[in-house]
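User: Hi! Could you walk me through this model with a few questions and answers?

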Amino acid sequence: MDKQVIVETKDLTKSYDGAVVVDHLNLSIAENEVFGLLGPNGAGKTTTILMLLGLTEPASGAARVCGFNPTKEPLKVKRVAGYMPEKVGFYDNLTARKNLDIIAELNNISYDESQRQIDRLLNAVGLGKVADMAVGKFSRGMKQRLGIADVLIKKPKLAILDEPTAGLDPEGINQTLDLLASLPQTGTTVIMSSHRLYEVQRICHSIGILSKGKLVVAGSLDQLGRDALTDGRYRIEVETARLTPDLIETIKKLSGITHVEADGNHLSISADSDLRTEIAKIVVQSDIPLVEMKIHEFSLDDIYMKYFQEGQ
Amino acid sequence: MRAIFRKELADYFGSFRFLVLLVLVLLITAATLYFDYKSIRTSTADTEFIFLRLFTTQPEGAPQTEGINLFSFINFFALFFIPIMGIALGFDAISGERSSGNLSRLLSQPIYRDNVIIAKFLAGLFALSLMVITSVLIISGYGLQLIGVPPSLEEIYRLVLFVVLAIFYGAFWMGLAVLFSTVFKRVSTSLMSSLGIWLFFGLFYVLLIAPAIANSLAPTASGTLEAVVHNLELGLSIKRFSPNFLFLEASGVLLQPPPVGSLLGAVPVVTSDLINWMIPAPLSLGQTLLLVWPHLTSLLSLTIVCFAVGYVVFMRQEIRAT
């Protein structure tokens, strides 16, 4: 898995009015993958993105994007990187096509080429039928889709999308995610920030979690999942017909059990290893009908919550 | 930069705002021509620069405040039309882009940031020049039919100079509006600030504040001629801080050349018996130019200062999505 690195930051730091927003961030993103930038509100995701594009100057540290320093060579970065801001806006009085025309012109794309691109992209994001409608009449979701077409028109090597699925309906989210997931095949690396973990889990190859300006964890999704699991806890959920204090006590005595939590007829057990058979035996021996037992698999949710809590 | 310039210009010409301004231009020219029609034909006064009088004639009996007649073409131009036009063309230059969420998208394209603000300013200036020239040409054209006296070469020079002066003056207001549009994040704040400055300089400063300062610094209680002269001189200098006054004074000299003797800069304290002695020869073009040169450069430098501050603020500004 020796991939070319397309984005690299070194001790990237930014502060506003004395408050450090991005704190010595060291990030490395490989080429041709979908990278998910996660983190709670105010973690510094947008600021990081702005620094990568040279729209904001870092207080210290440096970044390299596609081999250029965005602070010193912003134009070179902007030529190869596309950016969709969180609240994307367009010229409301112009049509979708005209809006894209302007961007194509600013990128020195010839008229014939841009017209072909615009038609293709508008269809790809599902706006083919409203290409000649004024953007002012668009819904938020439609603008969001247009924003994605807007980023892709310059055929970027790197597409940075800030909350690309915010405001979309479920179908729109699916379409958008499929489109984004297909981009690495055509040579576009995608960086997306999002709050919606399942989206990130679905299409991202790697993630980085930011909290209070620091990179809490980064790596490929598989790797992180394994790490989170081996880190200890198997969580076993047990549901019985009824619960007695005796039963809880007996389970607690089982070697390898670290924590037992009872809620009604529901037991939540933390263990060092998969103790399902042992627990089942105890429950059955105590003459209490066992309704359900399952082992909890770690999802991105857990990875996120775990590191986010650690970050606090 | 060409792409943005073209887009901005297309925006202006297609916008409702431009239409409103254009209607305003037509109304002003129509009113001016009407007053011209009523007064010039009946007037038998000095025959010098009749053509220019198309632009300076004021309706008889119209209210006057401190010698400023609100209804003559140049005064209306100075006080209302050009400032409003400059502000209307500039107040949302940057803040509009910002509040619509366009700014960060635009700036993530491979263009220099200064190109955005320069292209916007130039496009506004172009639209403004077009309207000023249009209104002057309309009045000239219809006025020619009306009075039947063709303009002399000198009158044409003077008119061209007036147009240049008016464009500079408009550029100042636009520069100010662009400055506010970069400093303030919200479009309405930017607009209100520009309008506030305009009201201040257009009405309060020249009419109330400048005389008040002059009176308190140089009281005329003693009643001597020196005291009065000193008071007037001081008042004039203070008034010249107002761009409106600068324009008014300069355009007055250009279009209504004062007779030699009542030089601008010196206080026009001309007693009635002196007037009888003065030869009613208007100031020559060269001399006029010398007189308005400081005004022209002041307006230009004010414009540059406003635009430069706006430019620097914009270049250093954080571009956040929200």
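User: How many Å apart are the end C-alpha atoms of helix α2 (residues 16-39) of chain B?
Analyst: Happy to start there; this is a predicted model, where local features need pLDDT of at least 70, side-chain atom pairs count only at pLDDT 80 or more, and totals for chains, interfaces and linings use all residues. Residues are numbered from 1 along each chain as its sequence is written, while chains are lettered from A and ligands numbered from 1 in the order in which they are written. Helices (H or I, at least four residues) and strands (E, at least two) are DSSP runs numbered from the N terminus, and the expected span of a helix is 1.5 Å times one less than its number of residues. The 24 residues of α2(B) should therefore span 34 Å, which agrees with an end-to-end C-alpha distance of 35 Å.

User: Which elements do the buried residues of α2(B) pack against?
Analyst: A residue is buried if 20 or more other C-beta atoms lie within 10 Å of its own, exposed if 12 or fewer, and partly exposed in between, with C-beta atoms placed from the backbone. In α2(B), that makes L21(B), T29(B), T32(B), L33(B) and D36(B) buried. Counting contacts as C-beta atoms within 7 Å, these buried residues pack against α3 (53-56), α4 (73-90) and α7 (113-147) of chain B.

User: What is the bridge partner of L12(A) in β2(A)?
Analyst: Strand β1 (residues 5-16) of chain A runs antiparallel to β2(A), and 8 bridges join the two. Within this pairing, the partner of L12(A) is L25(A).

User: Which element gives the most to the side of chain A that touches chain B?
Analyst: The contact takes 24 residues from chain A and 16 residues from chain B. On the chain A side, α1 (45-52), α2 (74-80) and α3 (96-106) give two or more residues. The most, 4 residues, comes from α3(A).

User: Is S211(A) buried or exposed?
Analyst: S211(A) sits in strand β8 (residues 206-211) of chain A. With 22 C-beta neighbours inside 10 Å, S211(A) counts as buried.

Note on methods:
Two strands pair if DSSP finds at least two bridges between them. Two residues are in contact if their C-beta atoms, placed from the backbone, lie within 7 Å.
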